[in-house]
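Subject: Structure handover

Hello,

Please open it before you read on, as my notes follow below.

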Amino acid sequence: MHNVWKWLTARFGGGSKGRDAACRDGSSAEEGGLTFNTRRADVILDITVFGVDIGTQSSRVAVPRGGGFECVVSELTGSRNNPSAVAFVGEERWIGEKAQAMLVRNWAQTFTGVKRLVGLPFRSPQADLERPFVKFSTKEAPEDGTFQLCLPGEGPFDGSSSFAPEQVYAMLLCHLHQQAQAEARRG
């Protein structure tokens, strides 16, 4: 964090005299890793730090609180764990707990355990070991020979009915980022 702070202060004009250094333009900044906020005629910078642990079955997101990090609690279930699941229901995309709830009724359109397939060649011994754990349809990507996750029928999302595992994880990461932002606003 210290190197980031040094870069921010050098680039955007913050002071370097400690935790509550004053910026050249008079706005304040914190070095504690929580927020750096400065305004200049050409730059507005506002950074909030949060932590993410994306797992195969569940994920967690944490925000800075009281000198440490606190896991964000879900509004739906009160749990600190967010299922690493993405479901497609009609023209909607459900992520996390809502997607996990759809797993029983909509298993062909719910992606879970996608982390196992990220970067894995479709035709490899490791892929053969992972296939029994995959409950949704997959195919080989023509571009690079990795996995594509398939939705049955025509997909309403970008006119596509298949996704790379990295795309599904990006959807999950965006969801976790939104949770962290909402929690940071609550303070």
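This is a predicted model: local features need pLDDT of at least 70, side-chain atom pairs count only at pLDDT 80 or more; totals for chains, interfaces and linings use all residues.

**Aromatic pairs**

The structure holds 5 aromatic pairs. One of them joins Phe 88 and Phe 163, and it is stacked. Their ring centres are 5.1 Å apart, with 5 degrees between the planes. Phe 88 belongs to strand 7 (residues 85–89), while Phe 163 belongs to strand 12 (residues 162–163). The pair therefore ties together parts that are 75 residues apart in sequence.

Another pair is formed by Phe 111 and Phe 136. This one is edge-to-face, at 4.9 Å centre to centre and 75 degrees between the planes. Phe 111 sits in strand 9 (residues 110–112). Phe 136 sits in the loop between helix 3 (125–130) and strand 10 (137–140). Parts that are 25 residues apart in sequence are tied together by this pair. Phe 111 is buried at 0% relative accessibility. Phe 136 is buried too, at 7%.

How do these residues relate? Ring pairs link Phe 88, Phe 111, Phe 136 and Phe 163 into a cluster.

**Charges over rings**

Two arginines are worth a look in your viewer. Arg 116 places its charged end over the ring of Phe 133, 4.5 Å from the ring centre. Arg 131 has its charged end over the ring of Phe 122, also 4.5 Å from the centre.

Strand 7 and strand 9 are joined by 3 bridges. Val 86 has Phe 111 in strand 9 as its bridge partner.

Helix 4 runs over residues 165–186, which is 22 residues. From first C-alpha to last it reaches 32 Å, close to the 32 Å expected at 1.5 Å a residue. Its buried residues are Pro 165, Val 168, Tyr 169, Met 171, Leu 172, Leu 176, Gln 179, Ala 180 and Glu 183. An α-helix has 3.6 residues a turn, so residues three or four places apart point the same way.

**Ala 87**

Is Ala 87 buried or exposed? Ala 87 has a relative accessible area of 0%, which is under the 20% cut-off, so it counts as buried. Leaving aside neighbours within four places in sequence, Ala 87 is in contact with Glu 92, Arg 93, Trp 94, Ala 99, Met 102, Gln 109 and Thr 110. Of these contacts, take Gln 109. Gln 109 is 22 residues from Ala 87 along the chain, yet their C-alpha atoms are separated by 5.7 Å.

Over to you.

Best wishes

Definitions and conventions
Residues are numbered from 1 along each chain as its sequence is written. Side-chain values use heavy atoms; hydrogens and water are left out. Rings of Phe, Tyr and Trp (its six-membered ring) pair if their centres lie within 6.5 Å; planes under 30 degrees apart count as stacked, over 60 as edge-to-face and the rest as tilted. Helices (H or I, at least four residues) and strands (E, at least two) are DSSP runs, numbered from the N terminus. Buried means under 20% relative accessible area, exposed over 50%, partly exposed in between (1.4 Å probe, protein chains only). A charge sits over a ring if NZ of Lys or CZ of Arg is within 6 Å of the ring centre and within 35 degrees of the ring normal. The expected span of a helix is 1.5 Å times one less than its number of residues. Two strands pair if DSSP finds at least two bridges between them. Contact means heavy atoms within 4.5 Å.
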